[in-house]
Amino acid sequence: MHSVLVTGGAGFIGTNFVNLLLKSRPELEVSVIDALTYAGCRSNLAEHIDSGKVRFFHRNICDEESVFDILIENSIDTIVHFAAESHVDRSISGPHGFVDTNLVGTHSLLSAAKRVWIDRDEIKVHRFHHVSTDEVFGSLELDDPPFTEVTPYAPNSPYSASKAGSDFLVRAYRETFGLSVTMSNCSNNYGPYQFPEKLIPLSICNALLGRPIRVYGDGANIRDWLHVEDHCLGILAVLERGEEGQSFNIGGKCEKTNLELIDVICSEMDHFLESNPAFLSAFPNCPKSRGSSVSSLVQFVEDRPGHDKRYAIDPRKIEKELGFVPRIDLEDGIRNLLAWMSANRGWWQSKLTN
């Protein structure tokens with residue numbers, strides 16, 4: 001691995017992965033391609049771009065010729081593919097964009113990589129790492145064992161169906177054309193730079209602004225939570241030590257119902273705001289400003305269509321073969337996120353729609 005292209009590198013997980021590469025593998029050449037849709041933000045990487053540590057390309061991954069040129073001109077030998085539409089609610093209201101980015105975009109990348117790495121045969125050692133999700137496996141009942149790498153696919157939303165399709169394309173390009181690939185399926189991520197439409201940052205923002213913290217249905221849906229820094233370390237382990245052609249589940253070993261998660265968020269927010277009165281003073285509508293718990297804002301709302309009951313990741317393969325285990329527990333992760341949001345108010349406030 002010498003020259004790495006990170007797709008979606010100005011987005012949530014991509015930004016954190018670029019930061020990890022620059023910190024832990026400074027000898028690498030790092031390039032980023034990002035369409036800068038609503039969830040991508042060039043300013044996330046501005047310091048690295050301005051210093052020359054990152055080559056940034058404002059392009060759409062669906063533009064195969066642009067991708068081809070970037071691979072050639074920068075001698076890319078490794079692609080780490082994060083770029084995706086990922087919000088389930090958006091996939092329900094507008095599935096077309098998910099098919100375009102997640103299916104067509106992934107195929108564009110694979111085709112360009114094949115043209116450079118296989119057809120031209122200019123780079124002998126290469127790797128295409130595809131970042132997928134646990135949602136491709138469908139839903140689990142409470143007593144079902146967690147998803148493994150061989151769990152049959154059963155996607156239930158346009159988002160997860162488009163990701164499942166992209167997973168199959170990656171497999172097909174290895175089996176048919178000999179492209180060197182690895183894949184990882186992760187559980188729910190959270191942490192710095194996450195767009196505030198997702199459950200954890202949205203709940204924190206709503207609490208600060210005195211808005212309802214909405215919980216779908218009865219709040220009993222279960223997810224496994226993984227801090228983004230742990231996810232990025234897991235991907236790096238796969239790139240450096242994972243066998244070509246293999247898939248690895250990266251999980252947080254932290255199953256929580258949505259209501260349990262909200263309880264953790266509210267508790268950690270109460271403690272954080274009590275200890276940071278200067279930050280709290282900027283949010284007079286937050287219940288904590290009036291001496292109440294932010295939990296007073298919890299509101300149950302109608303469940304969304306096709307809401308999977310439970311996701312759970314079995315991470316034993318990556319633990320056994322690569323020695324990777326997550327380091328950040330949920331409470332520490334929420335505290336770290338609150339500290340980041342306190343120090344970066346302008347970032348998340350500029351992303352709020354109203």
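1. Ile-204 belongs to helix α7 (helices are DSSP runs of H or I with at least four residues, strands are runs of E with at least two, and both are numbered from the N terminus). Leaving aside residues up to four places away in sequence, Ile-204 touches Ile-265, Met-269, Leu-337, Leu-338 and Met-341, where contact means heavy atoms within 4.5 Å. The C-alpha atoms of Ile-204 and Phe-17 are separated by 23 Å, and the two residues are 187 residues apart along the chain.

2. A word on what you are looking at. This is a predicted model, in which local features need pLDDT of at least 70 and side-chain atom pairs count only at pLDDT 80 or more, while totals for chains, interfaces and linings use all residues. Residues are numbered from 1 along each chain as its sequence is written, and side-chain values use heavy atoms, with hydrogens and water left out.

3. Rolling a probe the size of a water molecule over the atoms shows where empty space is left. On a 1 Å grid over the protein atoms alone, a cavity is a set of points where a 1.4 Å probe fits but cannot get out, and a pocket is an open set with protein on both sides within 12 Å along at least five of seven lines; lining residues have an atom within 4 Å of a point. Grid points are joined across faces, edges and corners, and a volume is the space filled by probe spheres set on the points. The count comes to 2 cavities of 30 Å³ or more.

4. The largest cavity has a volume of about 50 Å³. Its lining includes Leu-337 and Met-341, along with Cys-205, Trp-340, Trp-347 and Trp-348. Helices α7, α12 (330-343) and α13 each supply at least two residues of this lining, and α12 gives the most, with 3 residues. By class, the lining of the largest cavity has 9 nonpolar, 2 polar and no charged residues (Ala, Val, Leu, Ile, Met, Phe, Trp, Tyr, Cys and Pro count as nonpolar, Asp, Glu, Lys and Arg as charged, and the others, Gly among them, as polar).

5. Now for an open space. The second largest pocket holds about 430 Å³. It is lined by 20 residues, and those closest to its centre are Glu-149, Arg-171, Met-183, Gly-245 and Ser-247. Both α6 (158-177) and β6 (181-186) supply at least two residues of the lining, with α6 giving the most, 6 residues. The lining of this pocket divides into 8 nonpolar, 6 polar and 6 charged residues.

6. A pair of aromatic rings is described by the distance of the centres and the angle of the planes. Rings of Phe, Tyr and Trp (its six-membered ring) pair if their centres lie within 6.5 Å; planes under 30 degrees apart count as stacked, over 60 as edge-to-face and the rest as tilted. There are 15 aromatic pairs by this rule. In one of them, the ring centres of Tyr-38 and Phe-195 are 4.9 Å apart and the planes stand at 85°, so the pair is edge-to-face. Tyr-38 lies in the loop between β2 and α2 and Phe-195 in the loop between β7 (188-190) and α7 (199-209), so this pair ties together parts that are 157 residues apart in sequence. Tyr-38 is partly exposed at 29% relative accessibility, whereas Phe-195 is buried at 12%.

7. Another pair joins Phe-283 and Trp-348: their ring centres are 5.9 Å apart and their planes at 25°, so the pair is stacked. Phe-283 sits in the loop between α10 (277-280) and β12 (298-301) and Trp-348 in helix α13 (residues 345-349), so parts 65 residues apart in sequence are tied together. Phe-283 is buried at a relative accessible area of 2%, and Trp-348 is buried at 1%.

8. One aromatic cluster is formed by Phe-137, Phe-147, Tyr-153, Phe-168 and Tyr-311. Arg-223 lies over the face of Tyr-311, at 3.9 Å from the ring centre (a charge sits over a ring if NZ of Lys or CZ of Arg is within 6 Å of the ring centre and within 35 degrees of the ring normal).

Key
Buried means under 20% relative accessible area, exposed over 50%, partly exposed in between (1.4 Å probe, protein chains only).
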